[in-house]
Amino acid sequence: MPETPSETAAGQRGLVRPVPKPWIAAIHPYVPGKSTGADGQVLIKLSANENPLGTSAQARAARLGDGQGAGDPARYPDPESHALRGALGALHGIDPARIVMGTGSDELLHLAAQAFAGPGDEVLYQRYGFAVYEIAARRCGAEPVEAPDRDYAADVDVLLGCVTPRTRVVFLANPNNPTGSYLPRAELARLHAALPADVLLVVDQAYAEYLDTAAEDGALALAATAENVLVTRTFSKIYGLAGERVGWATGAPHLVDMLNRIRGPFNVTLTAQAAALAALGDQAFVEASRIHNRTERARFVAALEALGNHGLRPLPSEANFVLIEFSGALTAEAAYKGLMDHGFITRWLPGQGLPRCLRITIGTAAEMDRVAAVLRGLAEGAR
Ligand SMILES: *Cc1c(COP(=O)(O)O)cnc(C)c1O
């Protein structure tokens with residue numbers, strides 16, 4: 001039997017299986033926060049920045065549906081999430097035409113990179129930035145470029161110094177994960193003003209709702225007027241809907257148009273749209289979550305600062321977690337394992353270049369008391 005032309009061609013090239021693009025093969029998969037120990041033991045999960053208060057009861061009800069709730073699962077969801085975009089627009093004072101929904105903000109971060117960068121281009125972000133940025137850059141064939149940090153935080157001058165003629169997209173999480181650091185409004189404005197007009201600035205506001213309104217970074221206002229700013233937000237954090245996968249982005253119509261062209265046409269499910277819409281309507285839950293976080297984070301940081309003589313240093317955080325640097329006898333790895341022995345899973349980050357750091361999500365008051373007590377015991381026992 002003669003081989004087909006393509007088999008012949010593949011044989012001549014010596015290829016026996018599909019060849020991935022080198023930029024895809026270079027990706028290290030994202031490592032999600034774990035919820036069980038090595039032996040499968042269920043642990044209290046303080047590793048993924050989820051809401052310890054859970055989800056608004058209204059959102060839970062809408063998700064389950066009560067005849068008129070989420071809708072008929074045999075039918076496709078509204079491909080344009082009209083009701084949800086309308087509610088977001090009303091809440092934030094944004095024209096819904098300037099909002100695009102995503103399967104989590106994760107999808108939108110990838111789409112932003114893909115729409116505006118490719119092979120030969122650079123995608124810039126700070127060292128210790130959100131781990132998805134490197135994957136988003138590589139996924140579209142662009143080169144990820146890490147700007148050095150300043151004591152774990154983003155530095156505008158350092159970032160600007162890394163901009164080259166090949167830079168197409170700059171990602172900035174504000175507040176940042178995993179460091180919790182925050183670029184105030186004036187600094188963000190300075191970054192934007194100095195960036196070339198053809199560089200897309202993506203401000204990832206996954207934790208923005210945890211800020212006091214007075215501390216707002218002004219990114220939404222920039223997205224409303226500038227031609228090159230996209231803001232992403234999520235329902236996964238303060239809204240307590242991580243499992244439903246809903247995020248959104250806003251920016252100039254030409255930016256939103258490009259993301260709409262390449263997103264999944266039915267990327268937000270029926271239940272996700274219904275739950276997110278109801279969650280938006282329950283701002284009392286959001287406010288309670290913000291206050292809980294502010295109170296418990298302050299208490300936890302104070303408890304950690306009392307362990308400063310043992311080499312523990314909580315980095316300043318505006319988010320719903322604290323990154324702790326360990327420089328004494330107790331190492332981050334030992335603290336991670338010790339906390340696990342006491343039933344808590346946290347986030348040790350050697351894979352992100354942070355082997356001396358542990359990221360701990362703010363949980364309930366009782367959980368944070370216990371975590372602080374375990375850390376004290378470990379620190380005092382270490383030598
Ligand atoms: C958690 C997080 C997100 C949210 O991702 P989703 O896909 O919306 O769940 C985005 N950016 C940062 C920095 C995060 O920490």
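## The second largest cavity

About 30 Å³ of space lies in the second largest cavity of this predicted model. A cavity here is a set of points on a 1 Å grid over the protein atoms alone where a 1.4 Å probe fits but cannot get out; lining residues have an atom within 4 Å of a point. Grid points are joined across faces, edges and corners, and the volume is the space filled by probe spheres set on the points.

Its lining consists of Tyr-125, Gln-126, Gly-129, Phe-130, Tyr-133, Phe-171, Leu-172, Ala-173 and Asn-176. Strand β5 (167-173) gives the largest share, three residues, and β3 also supplies at least two. Strands are DSSP runs of E, at least two residues long, and helices are runs of H or I, at least four, both numbered from the N terminus. By class, six lining residues are nonpolar, three polar and none charged; Ala, Val, Leu, Ile, Met, Phe, Trp, Tyr, Cys and Pro count as nonpolar, Asp, Glu, Lys and Arg as charged, and the others, Gly among them, as polar.

## Between the domains

The domain assignment, automatic or from a database, gives domain 1 (44-53 + 284-381) and domain 2 (57-281). Their centres, taken over C-alpha atoms, are 26 Å apart. In all, 27 residues of domain 1 are in contact with 23 of domain 2, contact being heavy atoms within 4.5 Å.

## The largest pocket

A pocket is an open set of points with protein on both sides within 12 Å along at least five of seven lines. The largest one holds about 610 Å³ of space, and it too lies between the domains, since both contribute to the lining. Of its 29 lining residues, Val-31, Ala-131, Leu-349, Gly-351 and Gln-352 lie nearest the centre. The lining divides into 15 nonpolar, eight polar and six charged residues.

## The sheet beside β12

Strand β12, which supplies at least two residues of the pocket lining, belongs to an open antiparallel sheet ordered β9-β10-β13-β12; strands pair if DSSP finds at least two bridges between them. β9 (312-314) and β12 (347-349) are the edge strands.

## Reading the numbers

Residues are numbered from 1 along each chain as its sequence is written. Local features need pLDDT of at least 70, side-chain atom pairs count only at pLDDT 80 or more, totals for chains, interfaces and linings use all residues, and side-chain values use heavy atoms, leaving out hydrogens and water.
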